[in-house]
Protein chains: 2
Amino acid sequence: MDIKNLSREQLSERLAVLTEEYNSYKAMGLKLDMSRGKPGADQLELTNEMLSPVYLGDYKASNGFDVRNYGILDGIPECKQMFAEVLGVKPENTIVFGNASLTIMYDYIAQCMIFGAGDEPWCKQEGIKFLCPVPGYDRHFSILEHFGIEMINIPTTSEGPDMDMIDELIKDEKVKGIICVPMYSNPTGYTYSDETVRRFASLKPAAKDFRVIWDNAYCVHHINSEHDVLLNIFDAAKGNGTEDYFIEVTSTSKVTFPGAGVSVLAASDANIATIKSRMTIQTIGYDKINQLRHTNYLKNLAGIEAHMLRHAEILKPKFDAVLSAFDNKLAGKGIAEWTVPNGGYFISLDVYEGCAKRTVALCKEAGVTLTGAGATYPYGKDPEDKNIRIAPTFPSRDELCKAVEILCLCVEIAAIEKILA
Amino acid sequence: MDIKNLSREQLSERLAVLTEEYNSYKAMGLKLDMSRGKPGADQLELTNEMLSPVYLGDYKASNGFDVRNYGILDGIPECKQMFAEVLGVKPENTIVFGNASLTIMYDYIAQCMIFGAGDEPWCKQEGIKFLCPVPGYDRHFSILEHFGIEMINIPTTSEGPDMDMIDELIKDEKVKGIICVPMYSNPTGYTYSDETVRRFASLKPAAKDFRVIWDNAYCVHHINSEHDVLLNIFDAAKGNGTEDYFIEVTSTSKVTFPGAGVSVLAASDANIATIKSRMTIQTIGYDKINQLRHTNYLKNLAGIEAHMLRHAEILKPKFDAVLSAFDNKLAGKGIAEWTVPNGGYFISLDVYEGCAKRTVALCKEAGVTLTGAGATYPYGKDPEDKNIRIAPTFPSRDELCKAVEILCLCVEIAAIEKILA
């Protein structure tokens, strides 16, 4: 029953019923959090074993280097090898960094600002812009805003961003790049289609110092056994001569421990050389003890995939709980649409137009914290005020079920209020 | 016997004898390294115990936060507390970072370039300068050179840098700061006198966006039981209203593990607020598992001091070996001077003027690697070509004794060559 077909009287009656239910929840004084892409407590337990000194052996990397001392700028060989397998690149096209890929991205853009990605530092060029597939990741947008880079929204479908629009916009040489999550995207969970990746690989930007930040954060984060496959961007770029446009990053933050994982950057020979030359100034090297611990524990791509299955066992019931509540409570009402991801950390919920802020506020009042409405858009401005990022991973399944129940109620209340207004 | 008093004939004879001795060393095909401020293998063993999961307990910080998950931007409370005690500041004036203070300094200067330390980014101001007490730390100079900041040499004595010269130079508002190691300085091992610290604390720079990078790397790195004491810069700055000028850093790189330690920044309330606001964009947080491991193992300043005594037991014989070789082979010859540090990682050797490069080259040929001549000066240019940084920590004591023997030989050969030329 599409509620938009109801009469005003029917809507008012329904609103009264829903409000009563809502108030009874509100009276419970709940405190539930669906706002953050944080692993749950049970997921953290999966990797405790890695903290045993067994995984440090005699503290020697495969090249005989003592990981407890200074040295090795770009990562111990076995760790580079492991990430190279994960990303489908050569080990020499990887650099292992510290605990977070967010910091790699911040640093890379900071260095483009000061030193440039080509001949001229970005900070010397007025009015530079980035294209931002939306809805997207708020922390990407924060970095760009921080550096004063203008952001342009690019709508996305289940295939990925609107590539025609991108092709058109990059004719402007002030457009310096794109930042995106190509697999199990934050928040939609969509994975770019092969065609989309091929179009990325054949971009012809006017700017010679153009860069795509290819944040492959969720490359091994499958939830369903039938999982998505992302075409390898560097393979696709070969032949087009576009390898230098792409800076790919990922990390083990949601494989092992958030904040205590290992991150990696993959790039072309030329970009690796530039980045390494800057690194020699910036650091003596990253935490190699943690690199050895990770590599000895996870071993290789197969090891990581096996470990990720254990995460999926915990995550799938949580995603299912949200999706089945949406199906039961919202389907067919004509007031909400949502994505059904095969992996990643989020579900994207589009509520009735103009109702995202109100929905989030209603939830908040009833003790359910959601990601702020607008957060999935540059400058926090969702032009249609309808997208809400749902993060099902951190609460327990019981908490989650209650939280989603309340959310569905709020979605409907906000929609009816809007229709009646 | 000052060799400068010898006749040319006597010098030639002596050169022949020394050269024969040198050639016999050369024939041995030695490979000895006194170039790097790296702990020796035996020092690394001292901290293995810290890698036991015992020191992670139930993975909870003192505020109940699970260190295995995202969160806590500026360090777990007990880690901030520990470093606050070490540096003599309040915990709220510290931020715990990743594995290296070098990266903190690079980052801080990068952010001054892009965003400024005051109203105007440094990158928008042409011709900015830093004052560099010399001899100093090559990696400091590399960072400044990398960002295109002009460096001006400030001579130092055992009291610290020439403060009259600094007072004069900072009348130029293009002079944006000073970078220095105030305690057991790299390479001299000198600690700034109370008077020097007080003069730093009362600097009156023309530049409103003036900053002193106070790299207190060796604050707990005593070698002798009678150790130096550095006046607390923030205590001294109080009353002068100069707290905002100072950015202090240190780390556990040479307390626990180089590359796998924990670093910290201490600063005024205003600077902490600015740095934190930038950090919220740059990172979700640093490795809190490593912070907890460190704090549970080292506990507090007393724990760190006890741990450092074990390092000193290993280091003192190495420093003594170098110093007694210098005494035996070089003292009274009028061709070399050296420092006698109570702590830190280096001894500074001044050879006969114009002979540092030649001495290092002679050593190299005989299989002894030293830090490159000139490395202790900005742009690698030692104006008198006389300073050599001696790093006694990495070789074994036997290797070190042989290396110093050869070094002393080379110092004298180079000096005689020069006098005869």
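**Figure 1. Lys4(A) is partly exposed, with a relative accessible area of 39%.** Here, partly exposed means between the cut-offs for buried (under 20% relative accessible area) and exposed (over 50%), using a 1.4 Å probe and protein chains only. The partner of Lys4(A) is Asp2(A), and the closest N and O atoms of this salt bridge are 3.1 Å apart. A salt bridge is a side-chain nitrogen of Lys or Arg within 4 Å of a carboxyl oxygen of Asp or Glu. Asp2(A) is also partly exposed, at 24% relative accessibility. This is a predicted model, in which local features need pLDDT of at least 70 and side-chain atom pairs count only at pLDDT 80 or more, while totals for chains, interfaces and linings use all residues. Residues are numbered from 1 along each chain as its sequence is written, chains are lettered from A and ligands numbered from 1 in the order in which they are written, and side-chain values use heavy atoms, leaving out hydrogens and water.

**Figure 2. A salt bridge links Arg68(A) with Glu45(B).** The closest N and O atoms are 3.2 Å apart. Arg68(A) lies in the loop between α2 (41-45) and α3 (77-87) of chain A, and Glu45(B) in helix α2 of chain B, so the pair joins two chains. Helices (H or I, at least four residues) and strands (E, at least two) are DSSP runs, numbered from the N terminus.

**Figure 3. Chain B meets chain A.** In contact (heavy atoms within 4.5 Å) are 56 residues of chain B and 56 residues of chain A. Across this interface there are 2 salt bridges, and one joins Glu45(A) to Arg68(B), at 3.2 Å from N to O. Helix α4(B) gives the most to the side of chain B that touches chain A, with 9 residues.

**Figure 4. Helix α7 (residues 194-201) of chain B has buried residues.** They are Thr196(B), Val197(B), Phe200(B) and Ala201(B). Seen down the axis of α7(B), these residues fall within an arc of 140° (taken from the directions from the helix axis to the C-beta atoms), so they line one face of the helix.
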